[in-house]
Amino acid sequence: MNNPMLNEAAFQRAQERAAAGGVMTLQGTINKTFLLLFLCVVGGMITWTNYQSWAAFTWPILIGICVMAVITSFKPAAAPITAPIYALLEGMLLGVLSAMYNAQFQGIVFNAVAVTILVFFTMLFVYRTGIIRVTRGLAVGIFSATAAIALLYLGSFILSLFGVNPTYLTSNSPLAIGISVFICAVAAFNFLLDFRFIDAMTSNYQAPKHMEWYAGFGLMVTLVWLYIEILELLAKLQRK
C-alpha cells in the first residue's frame with residue numbers, strides 16, 4: 001500500500017522502456033524533489049505579495065494543477081515537463097491560500113512551514129534508523145486511513161453542495177481539532193510509505209531517469225497535503 005502517485009506498476013512499465021541514458025537513483029530523486037520544492041516556493045512568491053488579484057485566478061490554477069497531476073500519474077515519461085509545471089502552479093495556489101491565512105493570523109504561515117519541514121525530516125529519520133518499520137500491517141493501516149480521509153472530504157464536499165456546513169471539519173471545536181490532528185498524523189505517516197517505495201524502486205528496479213521526477217512529484221503531493229492540513233490545524237487552534 002503506497003502513495004497512489006508512487007505505484008509499482010508505473011515503475012515496472014517505465015523499467016521496460018528504460019533507455020541507456022541512465023537509471024533512477026535515490027540521490028537523483030532527492031535532487032529532483034528539492035528542485036520541485038524550489039519551484040513551488042517560487043510560485044508562492046509570485047502570488048504572495050498580491051494575493052487579492054491572484055485570487056481571481058484560483059480556479060484556472062487549480063484546473064491546471066489537476067491536469068498536470070493526471071498527466072503525470074498516467075504518463076510518467078512526461079514527468080520531467082509536467083512535474084515542474086505542477087510544482088509552479090501548486091506554489092501559486094499555496095501562495096494565495098497562505099497569504100489569506102496570514103492576513104487573518106499573522107505568522108501562521110511561517111509556523112506551518114516550520115512544522116511541515118520538521119515532520120518531514122523526523123519521518124525520514126525514523127525511517128532511515130528503523131525506529132518505525134514499515135510492515136505490511138502498518139502499510140495497510142496507513143492506506144486505509146488515507147482512503148477514509150478521502151471519503152470524509154468527498155462526503156463533506158457533497159454536503160456543502162446541498163448547503164450543509166460540515167462543522168466537524170471547519171469549526172474550532174474539540175472534535176474538529178481532533179480530526180485535524182488525526183489527518184496530519186496520517187499525512188505524516190504517508191512519508192514512510194513514500195520513502196520505502198522509492199527505496200525499493202531504486203534498489204530493485206532499473207527504472208529510467210525520468211522516474212526521479214515522477215517520484216519527486218509523488219513526494220511533493222504528500223508534502224503539500226501535510227502543509228495544508230497543518231495550516232488549517234494552526235488556524236483552528238488560534239480561533240479558540
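Reply: One begins with a definition: a nonpolar core is a set of buried Ala, Val, Leu, Ile, Met, Phe, Trp, Tyr and Cys residues joined through side-chain atoms within 4.5 Å. In soluble globular proteins, nonpolar side chains tend to be buried together. The model shown here is predicted. Its largest nonpolar core has 53 residues, and those that touch the most other members are Tyr-86, Ile-108, Met-123, Phe-191, Phe-195, Met-220 and Leu-231.

Me: Which elements give two or more residues to this core?

Reply: They are helix 2, helix 4, helix 5, helix 6, helix 7, helix 9 and helix 10. Helix 10 gives the most, with 16 residues. A second, separate core has six residues, among them Ala-145, Ile-149, Ile-179 and Val-186.

Me: What does Met-123 touch, apart from residues up to four places away in sequence?

Reply: Met-123 touches Ala-188, Phe-189, Phe-191, Leu-192 and Phe-195.

Me: How many residues of helix 10 are buried, and what span should the helix have?

Reply: Helix 10 is mostly covered, with 23 of its 29 residues buried. The expected span is 1.5 Å times one less than the number of residues. Helix 10 (residues 211-239) should therefore span 42 Å, which agrees with its end C-alpha atoms, 42 Å apart.

Me: Is Ser-156 buried or exposed?

Reply: A residue counts as buried under 20% relative accessible area. Ser-156 is therefore buried, because its relative accessibility is 5%. Ser-156 lies in helix 7 (residues 136-161). Beyond its neighbours within four places in sequence, Ser-156 is in contact with Pro-166, Tyr-168 and Leu-169.

Key
Residues are numbered from 1 along each chain as its sequence is written. This is a predicted model: local features need pLDDT of at least 70, side-chain atom pairs count only at pLDDT 80 or more; totals for chains, interfaces and linings use all residues. Side-chain values use heavy atoms; hydrogens and water are left out. Helices (H or I, at least four residues) and strands (E, at least two) are DSSP runs, numbered from the N terminus. Buried means under 20% relative accessible area, exposed over 50%, partly exposed in between (1.4 Å probe, protein chains only). Contact means heavy atoms within 4.5 Å.
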